[in-house]
Amino acid sequence: MNAAPPVARPAETALAYHARTKHSLKAYAAGPETLDWDAQPNPFREFEGCPRLALPLAAEDLAVAYDAMVTPGAVPAAPLDLAGVALLLELSFGLAGWKQYGPDRWAVRCNPSSGNLHPTEAYVLASNVAGVPDGVHHYVSRDHVLEQRFAARTSTSVAFASASGFVMERSFARAAAGPARLHLALSSVHWREAWKYGERAFRYCQLDLGHALAAVRYAAACLGWSARMVEGVDSSQIARLGGFDREADFAGAEREDPDILIQITPAPAVAVPPPAPGLGGWTGTANVLDRHKLYRWPVIDAVSAATHGGAGAPDPAPAIAPEVPPRAVTNNAAKASAVILGRRSAQRFEAKTSAMPQEVFFGMLEALMPGAAAPFDAWGFTPRIHPLLFVHRVEGLAPGLYALPRREGITDALKAALRPDFQWVKPEGCPDHLPLYRLVETDCRGIARTISCHQAIASDSSFALAMLSEFEATVSADPWRYRQLHWEAGLVGQVLYLEAEAAGFRGTGIGCFFDDDLHRLVGLEGLEFQSLYHFTVGRPAIDTRITTEPAYPGRSA
């Protein structure tokens with residue numbers, strides 16, 4: 001069951017992996033037969049032998065309001081320095097708290113993760129950032145510190161070319177003059193997810209990268225900075241920049257897969273003095289996260305290799321998104337940091353109290369539309385994720401199945417692909433600019449629960465949704481976009497997480513769903529569209545047996 005797949009073309013490998021890892025009403029995708037929670041992999045990567053730089057904590061003192069965070073230009077740019085980098089990391093990858101139930105104690109972080117397993121690792125690439133030594137630094141969220149993996153020599157640079165031919169140079173020249181430059185390189189430790197989820201884990205790692213990209217963009221917006229995924233950069237180039245390709249540094253330890261490079265820019269740019277000179281060369285050896293692996297999942301290595309890329313043909317010119325005017329944010333008084341630090345994945349919902357005001361629901365959907373605000377201004381690609389919504393408890397809105405096409409030109413394709421008896425009616429009260437359509441009016445609580453692996457969280461909520469992707473043509477044209485589609489779904493999920501939190505509700509991602517059973521339910525045939533991620537929002541039921549402790553000494557909560 002866990003044998004390596006036969007050698008095939010990269011696109012065929014990606015499509016075969018997706019088919020192989022589908023859950024169904026008849027069987028689940030291959031996974032471990034047992035779990036020993038006392039032997040869970042170490043959730044924190046560290047590099048032994050690296051110089052460490054302690055970072056200040058400032059998130060709780062940040063006065064930026066939530067509505068300012070999601071309004072372009074509303075937050076003045078902070079200096080690009082150590083304090084800013086520390087706050088960026090604290091609000092994106094830092095711990096939000098510690099939970100305890102009986103003898104068990106675990107951390108929760110600002111960036112959500114499937115099963116709270118956190119496969120995503122973050123690296124800071126800094127040049128001329130005041131207070132941050134030039135070089136490559138690994139962020140350890142448990143301690144809120146940077147480990148310096150690479151320190152500047154007298155003259156060291158790494159260059160790579162984008163798809164457009166523009167050469168970007170990451171220079172770590174010691175005491176070099178020039179503007180401050182800051183990038184984040186994100187990688188994945190696939191075993192962290194595979195330990196629990198088996199072959200389907202690669203999907204969850206990619207969804208988590210989308211969560212992380214959005215978390216970085218929101219955090220940067222709190223500083224008045226921009227954050228944008230760098231396009232046209234090959235996976236191997238990201239591996240060289242972050243040091244993920246250094247065999248000796250990972251000897252015996254779980255490897256990290258190169259994923260995303262994010263450029264951070266102050267707006268407007270702020271000149272800073274060069275940093276103090278650092279030590280020379282690479283340092284540090286990765287810790288082993290799991291010394292007693294019980295399973296091997298070769299198919300994950302195969303799909304990872306097949307979907308490496310990112311420097312191929314550029315995405316077609318982004319399709320025109322439906323014009324959505326600036327919206328009124330649900331909770332103008334909320335502090336952005338309170339929403340980010342307070343975000344949790346709901347475990348259960350209170351069905352009796354999950355009725356959602358119509359204006360809150362429409363506001364959340366407006367936040368999902370592509371535009372110039374965080375986090376979608378970090379995403380330079382054509383929108384290819386389109387939610388189907390199972391509406392259960394929204395005031396003034398008939399229960400049923402709805403669709404939200406997120407770009408112009410896709411509605412006709414969705415109509416042709418979905419069931420011919422769907423209505424495609426604009427619901428009463430829906431803003432004219434919001435492309436929301438009711439497909440069928442019905443009580444779909446049981447359907448949502450069954451399709452989402454029989455989980456009550458999909459039926460006890462205000463609404464649940466399935467994220468349809470423009471699938472086969474996208475992946476066949478460039479297998480790397482198999483990852484990219486999941487990243488976009490993760491972006492959408494992170495928006496829902498924060499929007500729900502700001503409105504007094506709570507969300508949770510659902511990675512376990514019956515893929516083709518959903519497709520048959522809505523009339524999809526073939527691979528033109530595939531669901532990649534489910535999500536649900538409602539009023540959380542709080543388990544008072546679980547206690548919460550501050551994430552770091554000095555935090556009040």
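Buried residues account for 58% of the 557 residues in the chain. Keep in mind that this is a predicted model.

Q: What makes a residue such as C110 count as buried?
A: The cut-off for buried is under 20% relative accessible area. C110 comes in at 2%, so C110 is buried. C430 has a value of 8%, so C430 is buried too.

Q: Why is the disulfide of C453 and C512 given a handedness, and which one?
A: Look at the torsion about the S-S bond: it is about -90°, so the disulfide is left-handed.

Q: What parts of the chain does the pair C453 and C512 tie together?
A: C453 sits in the loop between α11 (445-451) and β18 (463-470), while C512 is in the loop between β19 (506-510) and α14 (515-522). The tied parts are therefore 59 residues apart in sequence.

Q: Are C453 and C512 buried or partly exposed?
A: One of each. C453 has a relative accessible area of 9%, so C453 is buried.

Q: Which residues of helix α1 are buried, and what do they pack against?
A: In α1 (residues 10-20), the buried ones are A11, T13, A14, L15, Y17 and H18. They pack against helices α5 (201-222), α7 (298-306), α12 (472-477), α13 (481-502) and α14, plus strand β20 (529-538).

Q: How do you know how far apart in sequence the contacting residues are?
A: Take contacts between residues at least 6 apart in sequence: 80% of these join residues at least 24 apart. The chain that makes them has 14 helices and 21 strands.

Q: What lines the largest cavity?
A: The largest cavity holds about 110 Å³ of space and has 14 lining residues, with R109, T120, E121, Y139 and S141 nearest its centre. Strands β5 (120-127) and β6 (135-140) are the elements giving two or more residues to that lining. By class, the lining has six nonpolar, five polar and three charged residues.

Q: Which strand gives the most to the lining of the second largest cavity?
A: β12 (residues 257-266), with three residues. This cavity has a volume of about 60 Å³, and its lining includes D259, I260, L261 and W480. Seven lining residues are nonpolar, two polar and two charged.

Q: What is known about the largest pocket?
A: About 1700 Å³ of space lies in it. The pocket has 49 lining residues, and W106, G115, N116, S345 and Q347 lie nearest its centre. β4 provides the largest share of the lining, six residues. By class, 23 lining residues are nonpolar, 15 polar and eleven charged.

Terms used: Residues numbered from 1 in each chain as written. Predicted model: local features only at pLDDT ≥ 70, side-chain atom pairs only at ≥ 80, totals over all residues. Heavy atoms only, no water. Disulfide = S-S within 2.5 Å. Helix = DSSP H or I, 4+ residues; strand = E, 2+ residues; numbered from the N terminus. Buried < 20%, exposed > 50% of the residue type's maximum accessible area, 1.4 Å probe, protein only. Contact = heavy atoms within 4.5 Å. 1 Å grid on protein atoms, 1.4 Å probe; cavity = no way out; pocket = protein on both sides within 12 Å on 5 of 7 lines; lining within 4 Å. Points joined across faces, edges and corners; volume = space filled by probe spheres on them. Nonpolar A, V, L, I, M, F, W, Y, C, P; charged D, E, K, R; others polar.
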